[in-house]
Amino acid sequence: MQFADLIRLTTSSFLAYRMRSFLTGLGIAIGITAVILLTSIGEGLHQFVLAEFSQFGTNIITVQPGKTQTQGGSVGIFGSVRALTLEDADALRQLPYVEAINPAVMGNAELRANGKTRRTTVFGEGHDFASTFTMKVQSGSFWNDDDNEQARAQVVLGAKVRQELFGGQNPLGEYLRIGGQRYRVIGVMEPKGQILGLDMDDAVFIPAARAMELFNRSGLMEIHVSYRAGTDAATVARIVTERLKDRHGREDFSLVSQEQALEVLGSVLDVITFAVGALGGISLLVGGVGILTIMTMAVTERTAEIGLLRALGAREGQVLVLFLGEAILLSALGGAVGLALGAGIAQGLHWLMPSLPVHTPWIFALLAELSAVVIGLIAGVAPARRAARLDPVTALHTE
Amino acid sequence: MIALSHITRSFQVGDQQVTALRDINLDIGAGDYVSIMGPSGSGKSTLLNLIGLLDRPTSGIYRLDGGDVTTLDDAQQAKVRSEKIGFVFQSFHLVPRLTAAQNIELPMMLAGIAPHERRQRVAKLLDNYGLAERADHRPDQLSGGQRQRVAIARATSMQPAVLLADEPTGNLDQSTGKEVMNLLEQLVEQNVTLILVTHDPVIGSRALRQLQMVDGQIVSQSEREE
């Protein structure tokens, strides 16, 4: 039997029982719709969260003071932690693969300008801060170089601080008091919005050396190592670790790679997407039961026809393939309708609620259609086998 | 062509052993026209099914064209049915959702004959059996006689050597029945072996060779004088 004939014969029975085929296919369609819709939302959420976390760039390793591990015995001399210094940061600057180093300190201070005061977050950063974290300066620029001994009193304003303190007036070149010291405004950041609860616009950026002095800290809170894209994070981490161990005599610091953090986060989100997909899969299973029911009925109704096919020279295998083909046709068509419905509803939701992230990867669509076909196949096997094994003589005389 | 020796067929019905055929010995040559008559339950349909390879004997040997076909597996028997045997049934057994032309085409589809060749053969058969204008009709749009003509066209589409007809006129009125018999007998003239099962003595007596069956055995044979 040729494939085209198989399609013709299975389609003919599909069309002969239009209503029934439609309803059975609908069962699968609803299942696939649920799977596609839920995984689309899951995947949209996945991408949304990852984008939120990776908007500062992914080629960053963060060095923090202190080793995050539990040690036996008393803290003693081995337990003492040396602060990360600006000199440590400078030492890392010379390492291979490293593109930029950003020393960081953060705190809270009172700003005063134009007769107004405002408490806000003060970030002490390096001059490469904006490029390291892919943030944009709207006007002016960051300071040109970091001078550890005599950092100049210069400040870059967050968009909100600029608006609150200077209004419509151009702040560049104006002076601002931070914790009592005078700073000259040399740049304004583009609005960035809130990131993980931290308002990046309600902040000012000053050289790290100045911030340490302001907050009376002997060490940095973090050193950010930005490395060339395409370099293995583990390699960079190893080099950074070696260099700092040389300087500190032991490993009294910890490294967190953005890439590793994103990987862990990504796999957690994958599990969520999979779980909601599996929930939709339950309805797909119900659709499969529908196909099983209909195919069992079809075999009973068409017993005489099966006997005839055998008399006309059909092998058991051909009868099996014909009935399996019908089951698969039902589920494949239902699946295709479900795909269109699921993706359509997902896009519709996105259109109605733009804040709801939705994404339907084609691989999910392909997998969903494939699982519909597999479900049709599984549901069809038992009835098709029964059809194939009918005794031709008994079958022929069944009315 | 058909050689049955010591064929027995028994069924298990409940805890009872029912013997439908007892020690049948029968030879049928190519181009023979044989009718099998007898009361219902005499085993004539069982014999026909056995010859048509739809059933297997409990014991005995069945040779078709010299080869033992009782030992063939399902696929091999299906191939023999496809190539050598045509069936015509009392209740026509047309597939209700297929057109007349598609019903005729069905055995050729199953046998995997190329679409081009199939179309030619179907057109010729439709023409031969006066069904050209009914090609696209479904069985429920055809009269009884037309349905049986479609069934005969289907049975001959693979040009079988043996045609098995089980009460082919049973569901037809007398004149239509006669018409159908004429069509079947025309095939005998083309050297097709026709084996006809009937309980109607008028129909049965048209065959050149007539077998009477009672209780699973052939009790008498007669030949019609020309």
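**Figure 1. An open four-stranded sheet in chain B of the predicted model.** The strands follow the order E2-E1-E4-E5, and their pairing is antiparallel. Strand E2 (16–28) and strand E5 (67–68) of chain B form the edges. Each of these edge strands pairs on one side only. Strands of a sheet pair through backbone hydrogen bonds, either parallel or antiparallel.

**Figure 2. Pairing of strands E1 and E4 in chain B.** Strand E1 covers residues 2–13 of chain B, and strand E4 covers residues 59–64. The two run antiparallel and are joined by five bridges. One residue pair can be picked out here: B:Leu4 has B:Tyr62 in E4(B) as its bridge partner.

**Figure 3. Chain B as a whole.** Chain B holds seven helices and ten strands. Its radius of gyration is 18 Å, close to the 17 Å that the globule rule gives for 226 residues, so chain B is as compact as a globular protein of that length. The C-alpha trace of chain B spans about 50 × 40 × 40 Å along its principal axes. Of its 226 residues, 47% count as buried. Among contacts in chain B with a separation of 6 or more, 68% join residues 24 or more positions apart.

**Figure 4. The E6–E7 hairpin of chain A.** Strand E6 (residues 175–178) and strand E7 (residues 181–189) of chain A run antiparallel, with four bridges between them. Two residues lie between the strands of this hairpin. A:Gly179 sits in the turn and has a positive phi of about 55 degrees. Across the pairing, A:Tyr175 stands opposite A:Arg184 in E7(A).

**Figure 5. Strand E6 of chain A, its two faces and its pairing with E2.** A:Leu176 and A:Ile178 make up the covered face of E6(A). A:Tyr175 and A:Arg177 make up the uncovered face. Strand E2 (residues 98–113) of chain A pairs with E6(A) in the antiparallel sense, over two bridges. Here A:Arg112 stands opposite A:Arg177 in E6(A).

**Figure 6. Two domains in chain A.** The domain assignment gives domain 1 as 3–53 + 264–396 and domain 2 as 82–251. Taken over C-alpha atoms, the centres of domain 1 and domain 2 of chain A are 56 Å apart. Chain A has 13 helices and twelve strands. Its radius of gyration is 33 Å, well over the 21 Å that the globule rule gives for 399 residues, so chain A is more spread out than a compact globule. The C-alpha trace of chain A spans about 105 × 55 × 35 Å along its principal axes. Of the 399 residues in chain A, 40% are buried. Residues 24 or more positions apart account for 84% of the chain A contacts with a separation of 6 or more.

**Figure 7. Where chain A touches chain B.** In this interface, 20 residues of chain A are in contact with 20 residues of chain B. Four helices of chain A each supply at least two residues to the side that touches chain B: H1 (3–16), H10 (303–311), H11 (316–352) and H13 (392–396). H10(A) gives the largest share, six residues. By class, this side of chain A has ten nonpolar, five polar and five charged residues.

How values were computed
Residues numbered from 1 in each chain as written. Chains lettered and ligands numbered in written order. Predicted model: local features only at pLDDT ≥ 70, side-chain atom pairs only at ≥ 80, totals over all residues. Contact = placed C-beta atoms within 7 Å. Nonpolar A, V, L, I, M, F, W, Y, C, P; charged D, E, K, R; others polar. Rg over C-alpha atoms; globule rule 2.2 N^0.38 Å. Buried ≥ 20, exposed ≤ 12 C-beta atoms within 10 Å, placed from the backbone. Pairing = 2+ DSSP bridges. Domains from an automatic or database assignment.
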